[in-house]
Amino acid sequence: MKKVDTTNGITIEAVSSQKQGLIGDSHKDQAEQLPLAIQRTENVIGKKIKIIKDYRLTGSRRVDLDLQPLYKVLQDAKDLKPKPEFAFLKSVDRSTRSGALIYAQLKALFVKEGIQIVDVYGVISTQSINTLAHHDIEYEWSKYSPTYITELLEAERAHSEVRDILTRLIGSEIAYTRLGFWIGQAPLGYQIIKKMTSHGKRTVLAPHPVKSKWFIRMFELAADGKSYSEICDEINDMGYESRKRNKFDSKDKTKIIGHTGGLKLIPKQLERYLRDTIYCGVMTHKWLKKPMKSIEFEGLVSIDLFNRANKGKIGVAIINNEVKIYKGKVPSYQLIKNSANPLYPYKKYVQCPICEKPLMGSAPNKGQDGLRNASYHCDRHRPMFRVRLQVFNDVIKEFVKHVKFSDKFLSDLREAIILDWQKKRGQIVEISISLTDRLKDIEVEEKQINETLPRLTSLNAIKAQEARLDKLVAERDEIEVKKSEKNLEQADVQYVINRAFYFLEHPEETLLDKKNPQKSAALFSTIFDIPPTYEELKSRTDSIVAKMNSVFQLNEAYNHTGNLVVDTLSHGWNTLFESILRVHQKLKELDLFYYTQNEEENHHE
């Protein structure tokens with residue numbers, strides 16, 4: 001049997017990251033392709049190639065020469081015994097992605113050590129040509145590889161491909177970040193969720209079910225004036241620990257050798273958390289042109305709580321829908337400047353006396369005393385309307401003080417409302433029954449259409465049935481809304497009356513609550529069916545009575561005549577019970593139910 005000559009070689013499988021090593025062009029995928037290059041080379045040289053070592057590389061190849069994974073392979077391979085003559089890899093881009101210059105240097109170092117690089121695709125040739133072979137003379141410069149130029153072009157293409165990939169990837173990430181979506185790992189306390197938006201399915205931040213509670217409590221305790229040590233002790237008792245990360249072997253990036261993190265909260269880390277605006281929903285990513293409040297996710301805490309917790313060291317303000325971040329103490333007039341500013345709670349409910357549109361509120365400049373002139377105003381016309389905040393609030397207080405109901409009126413009103421309800425209840429029951437019957441009919445029609453559609457062959461007939469089905473679905477949704485409204489109207493009338501009558505019996509207490517100015521203003525709006533102007537509130541003209549709801553109109557008439565005459569109402573459609581129900585609903589919406597625990601228990605029973 002003829003003896004076959006042998007030589008030695010090494011194999012190289014390279015991936016850029018662990019993720020690529022798992023889901024695409026992995027070490028295993030490359031190892032399955034390398035025997036093709038080995039067999040082809042054996043046929044060319046007429047020798048059997050023995051693989052003496054396999055290198056599995058994980059790491060970026062877009063680095064300087066001395067950091068190239070292939071350079072590290074060479075430093076190890078040149079000391080192997082026996083010495084390899086061939087190094088097999090999948091393709092040129094598996095050697096480096098730093099371009100033609102680095103590739104040329106790497107190949108020259110391998111050639112210097114007598115190792116020939118070979119790829120699966122045949123781009124790198126094993127052949128060497130001597131331009132002086134016909135003279136039987138050989139110099140270092142006369143030898144070259146016929147595929148060398150092609151190899152350099154391929155190396156440069158691999159380098160350009162990285163730029164193209166990163167441009168598409170990072171470019172998209174920048175665009176989505178500027179739209180308010182989140183890119184990258186979630187800050188501790190948040191979690192990443194995928195949400196369907198007008199821009200497709202995107203990642204946004206959402207509170208972590210457990211860890212978010214640590215951060216909310218941090219800010220609450222800091223706002224209450226607790227020391228950092230006290231805050232750390234309480235948060236650690238809640239189970240806080242820093243994020244755990246895997247620690248990998250420096251040579252084998254797939255091998256976990258330990259963990260970092262899992263530490264308790266310390267004051268220095270607490271301060272970093274308290275200064276991070278992401279916890280009040282304000283993004284400060286380097287890709288953003290300026291800080292922004294994302295509409296895709298809320299912060300764990302409000303801007304007000306964030307500012308109180310930081311006590312002037314850093315502050316956030318929203319001014320004209322733009323986020324401002326201040327280092328140092330934030331001016332008080334800039335701490336809150338948005339549509340829900342509690343300093344101007346009545347701006348949606350009181351109108352300008354000139355154009356009869358809602359007033360605005362602001363403190364645009366300073367007076368001679370150096371204080372900002374907070375005021376309600378309307379600049380939609382010239383001359384503009386403006387009234388100082390204190391004067392406006394005094395008008396509201398004076399108006400509310402005149403809103404009084406006598407015991408006799410409330411007693412007569414209760415009887416009238418119950419009588420009005422009894423008349424209406426029969427109609428509501430009949431309407432509710434008819435809505436239920438129609439829902440049953442729609443269900444039958446939908447079933448018939450769904451059974452018919454699969455048997456249809458005509459495109460026009462299919463479209464007609466689908467249009468009919470859409471119409472039925474829309475009608476069903478509309479009926480469901482109406483039915484829920486009718487069910488609400490069949491509520492416990494005595495319960496509704498008791499809740500609303502507390503408001504009527506204590507108008508000053510409920511309408512002038514300094515602790516909840518926005519809720520008080522919203523409740524103030526229930527006095528009127530049509531928002532009043534500032535001048536009407538100030539002078540209490542006759543026109544303001546016509547804008548009140550039925551109950552308050554009756555009270556004004558009762559104060560003049562001493563009789564409860566329902567026919568005097570200017571809004572005939574607005575029955576007594578509907579007015580009371582509207583007040584009750586507003587109380588419920590604002591969570592302003594003024595009753596004892598026993599009353600609540602009795603109601604649920």
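Helix 4 (residues 100-112) and helix 5 (residues 148-178) cross at roughly 130 degrees, and their axes come within 8 Å. That angle makes helix 4 oblique to helix 5. The model is predicted.

**Helix 4 and helix 5**
- On the helix 4 side, the meeting residues are Ala100, Tyr103, Ala104 and Lys107.
- Helix 5 meets them with Tyr148, Glu151, Leu152, Ala155 and Glu156.
- Sorted by class, the contact of helix 4 with helix 5 has 6 nonpolar, 3 charged and no polar residues.

**Helix 6 and helix 9**
- Helix 6 (residues 211-223) packs with helix 9 (residues 303-310) at an angle of about 55 degrees.
- Their axes are 7 Å apart.
- Helix 6 and helix 9 are therefore oblique to each other.
- The crossing of helix 6 and helix 9 is left-handed.
- Helix 6 makes the contact through Phe219, Glu220, Ala222 and Ala223.
- Helix 9 brings Leu305, Phe306, Arg308, Ala309 and Asn310 to the contact.
- By class, that contact has 6 nonpolar, 1 polar and 2 charged residues.

**Nonpolar cores**
- In soluble globular proteins, nonpolar side chains tend to be buried together.
- The largest nonpolar core here has 47 residues.
- Within this core, Phe392, Leu504, Phe524, Leu537 and Phe552 touch the most other members.
- Setting aside neighbours within four places in sequence, Phe392 is in contact with Tyr346, Val350, Leu359, Tyr376, Val387 and Tyr534.
- Another core, of 38 residues, lies apart from the largest one.
- Among the members of this other core are Ala223, Tyr273, Met292 and Val316.
- Ala223 also belongs to the helix 6 side of the contact with helix 9.

Technical notes. Residues numbered from 1 in each chain as written. Predicted model: local features only at pLDDT ≥ 70, side-chain atom pairs only at ≥ 80, totals over all residues. Heavy atoms only, no water. Core = buried A, V, L, I, M, F, W, Y, C linked by side-chain atoms within 4.5 Å. Buried < 20%, exposed > 50% of the residue type's maximum accessible area, 1.4 Å probe, protein only. Contact = heavy atoms within 4.5 Å. Axes fitted to C-alpha atoms, helices over the stretch in contact; angles between N-to-C directions. Helix = DSSP H or I, 4+ residues; strand = E, 2+ residues; numbered from the N terminus. Parallel < 35°, antiparallel > 145°, perpendicular 65-115°, else oblique. Left-handed = near helix turned anticlockwise from the far one by under 90°. Nonpolar A, V, L, I, M, F, W, Y, C, P; charged D, E, K, R; others polar.
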